[in-house]
Amino acid sequence: MFSKHPISGKHILWYMLSWIVYILLHSCFVAWQTDTSLLASGIISLSFYIFVAGFGLMLWFTLPFLSTQYQRLIVSILSHTVIAALCLYFSLELSEMVQSYLLPSYNFDVQMMLLIQPLHIIGGSLCIAMVIATYYLLLFKSFLSAEAKRKQELEDSLKNFELALLKSQINPHFIFNSLNTISSLTISAPDQAREMVVKLADFFRFSLGKNIMKLHPLREELDQMALYLEIEKVRFGDRLSFKLDADETCLDWPIPNMLLQPLYENAIKYGIYEQLEDVHISLKGSCNKDQLQLTISNNFDDSGMAKKGNGIGLQNVSKRLSLIYASSNLMAIEKANNVFTIHLKIPKLNR
């Protein structure tokens, strides 16, 4: 059911214009069929269809209560037929009163009325049927729009839930590792433990509490990652080094919050834990008008990669990109010459 009359505002002008065109055509047809003057035919047609048009507008307030929502199908069809017949009957009666007033001296003989009345009955019935059909077409369109909106809202809610779930997988894992490190450092290196606590507090103050659906500039993400890697350097010292290199023109590019952290965590896990050599992690960023390209590389010992993880971190990043940008080919992994490389493509998201 409509919350307001659909024929309102600018639509009422189109409604009136449609009737004017129809009345003009009908007047010409009546004049041709009955050999009456065009003026008389116009008055005859206007006096009838102006009431049909008026009843058509009023029908919109009645039709919602005649639908199958309130009664059975057969009763609903009969109700529509009765209400249409009443509209047609009153239009004919009222038009005859108007015609007798506007054309008092005009000779309406029986033969002419036998020609005019069937034309009015047929034309009026078709017009009322069109009004009723238009009502249900617009009602169906309104229903489809409401369903599409509801479906989009459900999809957005599911998307938000999935993204929040994916982000929730990052933080506990990182907190668990960091607290374990702080616990061990409090005995062997209290100053390092204190330094790590301060940096960890800064990191979470900077990253947590942000809306999962909101993006932030690349420069903020890189600042987060620099702080994250400084925390890890407290744990691993000179064994870990890193470089963040992005074009100045790309620093304002919007990307998802904490997108890169699982990638750095993966590089440290398979770089430092699985080999004795020092590990260097590098990031390079470039962009054009449509896309940001990020490349994260780290060296690894190919012979030390036998211990496989479950890949949650990389899957997490790929899934987040797929959900946010509606594309499944935004992340690629490459292994060559003992270098593990992740390529990310981040489109411009219009919001």
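Q: Where is Lys348 found in this predicted model?
A: Let's start by placing this residue along the chain. The model you see is predicted. Strand 7 covers 339-347, and Lys348 is found in the segment after strand 7.

Q: Is Lys348 buried, partly exposed or exposed?
A: Buried means under 20% relative accessible area and exposed means over 50%, with partly exposed in between. The relative accessible area of Lys348 is 41%, so Lys348 is partly exposed.

Q: Which residues does Lys348 touch, not counting residues up to four places away in sequence?
A: Look at the lysine at position 289, too: Lys348 and Lys289 are 59 residues apart along the chain, and their C-alpha atoms are separated by 8.0 Å. Lys289 is one of the residues that Lys348 touches. With those up to four places away in sequence not counted, the contacts are Trp253, Pro254, Lys289 and Asp290.

Q: Which two residues does the disulfide join?
A: A disulfide is a covalent bond between the sulfur atoms of two cysteines. The structure holds 1 disulfide. Its S to S distance is 2.2 Å, and the residues joined are Cys250 and Cys287.

Q: How many residues apart are Cys250 and Cys287?
A: Cys250 sits in the loop between strand 2 (240-246) and strand 3 (254-256). Cys287 belongs to strand 4, residues 279-287. The pair links distant parts of the chain, and the separation is 37 residues.

Q: Is the link of Cys250 and Cys287 left-handed or right-handed?
A: For this one, follow the angle about the S-S bond. That angle is -100° for Cys250 and Cys287, and the link is left-handed.

Q: At what angle do the axes of helix 2 and helix 3 cross?
A: Two packed helices are described by the angle between their axes and the distance between the axes. Here helix 2 spans residues 38-62 and helix 3 spans residues 73-102. The crossing is right-handed. The axes come within 8 Å and cross at roughly 145°.

Terms used
Residues numbered from 1 in each chain as written. Predicted model: local features only at pLDDT ≥ 70, side-chain atom pairs only at ≥ 80, totals over all residues. Heavy atoms only, no water. Disulfide = S-S within 2.5 Å. Helix = DSSP H or I, 4+ residues; strand = E, 2+ residues; numbered from the N terminus. Axes fitted to C-alpha atoms, helices over the stretch in contact; angles between N-to-C directions. Left-handed = near helix turned anticlockwise from the far one by under 90°. Buried < 20%, exposed > 50% of the residue type's maximum accessible area, 1.4 Å probe, protein only. Contact = heavy atoms within 4.5 Å.
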